[in-house]
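These exercises go through one structure step by step. Try each task before reading its solution.

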Number of protein chains: 2
Amino acid sequence: MAAVESTKQVSALGRALLSVLCRREATGYELSRAMSNSTDYFWTARHSQIYAELARLETAGLVRHTDIAAAGPRQSKRYAVTAAGRRSVLHWLRTEPEAHVDRDPVILRAHALWLLPPDEALEVLAGIEDASRERLTLYRSFERELDDDGQARTASHPDFGSWATVRAGIEFHQGRLRWCRDVRRRLQQEDG
Amino acid sequence: MAAVESTKQVSALGRALLSVLCRREATGYELSRAMSNSTDYFWTARHSQIYAELARLETAGLVRHTDIAAAGPRQSKRYAVTAAGRRSVLHWLRTEPEAHVDRDPVILRAHALWLLPPDEALEVLAGIEDASRERLTLYRSFERELDDDGQARTASHPDFGSWATVRAGIEFHQGRLRWCRDVRRRLQQEDG
DNA sequence: TCCAGCATGTAACCCGTTACATGATTAG
DNA sequence: CTAATCATGTAACGGGTTACATGCTGGA
């Protein structure tokens, strides 16, 4: 008798958690620390969501926990992917990429930018530019760390995944800066 | 006595709708046609959401409708921004840009890519690349149309806003293609 | 003493998607 | 005759954020 392989779909958050747990075992708290700041250009989630999703993954048989002693009042739960969990990640990687709708507030502003006088529009643009520059220096320092460590060059090492996401962040913000330059040029044509 | 200026915050969708209505009056149906496909790299929403949000904007006094004859059984409602609506858009444009968390499925895949053997990872990458190339040709044709029309050069013309969003889409996918190239190189280093 | 960090969890709420519902006109 | 398009709307549900709750340890 084959085990009942989760008929239910794993959510995107579930995949993100599994994908982290494929690297190393972790508690919900550790996962939430790693994912509640979006500084690593990967995936964000709050602890409230993570604890709930871990429970769901466990009933689906994709992760398993062992109780460990903890500093706080409660016991801590160390989660690990099961064989079925790893299989489900690999299966997902082999399926067609899902469509992505991005609702980016910068794009909203861009769409309404014509309503502002050019000099004010330039200010808005400068704000966007500053934010992207800041992100860029952050991601670049991450990339340097990963490159110095060397493991990110090995395609089968977890660091390769980290490098790939950080690189995507870099490329994104470089693109955004180029966009800022393009828009600025047109605004200045008008202004000058 | 000054009118009670909406104490409630306008949602992102609300701002998107106002920003379209600042260009031209429109019915809910027209708005939903314009926004239900994400082909113009601006903002997406379903009609169910749009009709509800328009009602909210109206009670907040930011838009106003006039009934018009329609093809269907119901009357159609043509919406227009009010002075307060236009003010609220301008006010928002002058506030600090909000942070954006993007949960991009491509990034999720990238993070887990090390789990696949290099040749399969290359296939995944090729799929991502194809999707971005397709988008790029679409957006480039939009940009050409806008540039041919000429109005997009005028910073105070609505087309300037369209051009800016389309340009952002182009820059985004160019960045993504560069990313694909970078990742592919590292994978091939491993492979070859 | 008081605050930060550890370590869970629950509940209320908002935003977005999917699906249900209605009914007229027009093109095939 | 049938399907698509016009043109609204409601309801159920899932994902995500914010806020509430608990209680221990270690440092300022």
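**Exercise 1. A residue in chain B**

Does B:Ala84 count as buried or exposed, and at what relative accessibility?

Solution. The model is a predicted one, in which local features need pLDDT of at least 70 and side-chain atom pairs count only at pLDDT 80 or more, while totals for chains, interfaces and linings use all residues; side-chain values use heavy atoms, without hydrogens and water. Residues are numbered from 1 along each chain as its sequence is written, and chains are lettered from A and ligands numbered from 1 in the order in which they are written.

Step 1. Set the cut-offs: buried means under 20% relative accessible area, exposed over 50%, and partly exposed in between, with a 1.4 Å probe and protein chains only.
Step 2. B:Ala84 has 15% relative accessibility, so it counts as buried.
Step 3. Helices (H or I, at least four residues) and strands (E, at least two) are DSSP runs, numbered from the N terminus.
Step 4. Compare sequence with space: B:Ala84 and B:Ser132 are 48 residues apart in sequence, and their C-alpha atoms are 40 Å apart.

**Exercise 2. The make-up of chain A**

State how many helices and strands chain A has, and describe its overall extent.

Solution. 
Step 1. Chain A has 7 helices and 3 strands.
Step 2. Along the sequence they follow the pattern α-β-α-α-β-β-α-α-α-α.
Step 3. The radius of gyration of chain A is 21 Å, well over the 16 Å from the globule rule for 192 residues, so the chain is more spread out than a compact globule. This radius is taken over C-alpha atoms, and the rule is 2.2 Å times the number of residues to the power 0.38.
Step 4. Along the principal axes, the C-alpha atoms of chain A fill a box of roughly 75 × 40 × 40 Å.
Step 5. Of the 192 residues in chain A, 47% are buried.

**Exercise 3. The sheet of chain B and its helix**

Give the strand order of the sheet in chain B, and find which strands helix α1(B) touches.

Solution. 
Step 1. The sheet is open, has 3 strands in the order β1-β3-β2 (chain B), and its pairing is antiparallel. Two strands pair if DSSP finds at least two bridges between them.
Step 2. β1 (26-27) and β2 (63-68) of chain B are at the edges with a single partner strand each, so one side of each has no neighbour in the sheet.
Step 3. Between β1(B) and strand β3 (residues 76-81) of chain B there are 2 bridges. B:Thr27 stands opposite B:Arg78 in β3(B), and B:Ala26 has B:Tyr79 as its bridge partner there.
Step 4. β2(B) and β3(B) pair in the antiparallel sense over 6 bridges. B:Tyr79 in β3(B) is the bridge partner of B:His65.
Step 5. α1(B) packs on this sheet and touches β1, β2 and β3 of chain B, its direction making about 90° with that of β3(B). Contact means heavy atoms within 4.5 Å. Axes are lines fitted to C-alpha atoms, for helices over the stretch in contact, and angles run from 0 to 180 degrees between N-to-C directions.
Step 6. In helix α1 (residues 12-21) of chain B, 9 of the 10 residues are buried, so the helix is largely enclosed by the rest of the structure. Among them are B:Leu13, B:Leu17 and B:Leu21.

**Exercise 4. How the two chains meet**

Work out how chain A is laid on chain B, and which residues of chain A are in contact with B:Glu171.

Solution. 
Step 1. Copies are superposed by least squares on the C-alpha atoms of residues with pLDDT of at least 70 in both.
Step 2. Of the residues of chain A, A:Gly175 comes closest to the rotation axis, at 2.7 Å (C-alpha).
Step 3. B:Glu171 lies in helix α7 (residues 158-191) of chain B and is buried, with a relative accessible area of 4%.
Step 4. Leaving aside neighbours within four places in sequence, B:Glu171 is in contact with A:Gly175, A:Arg178, A:Trp179 and A:Asp182.
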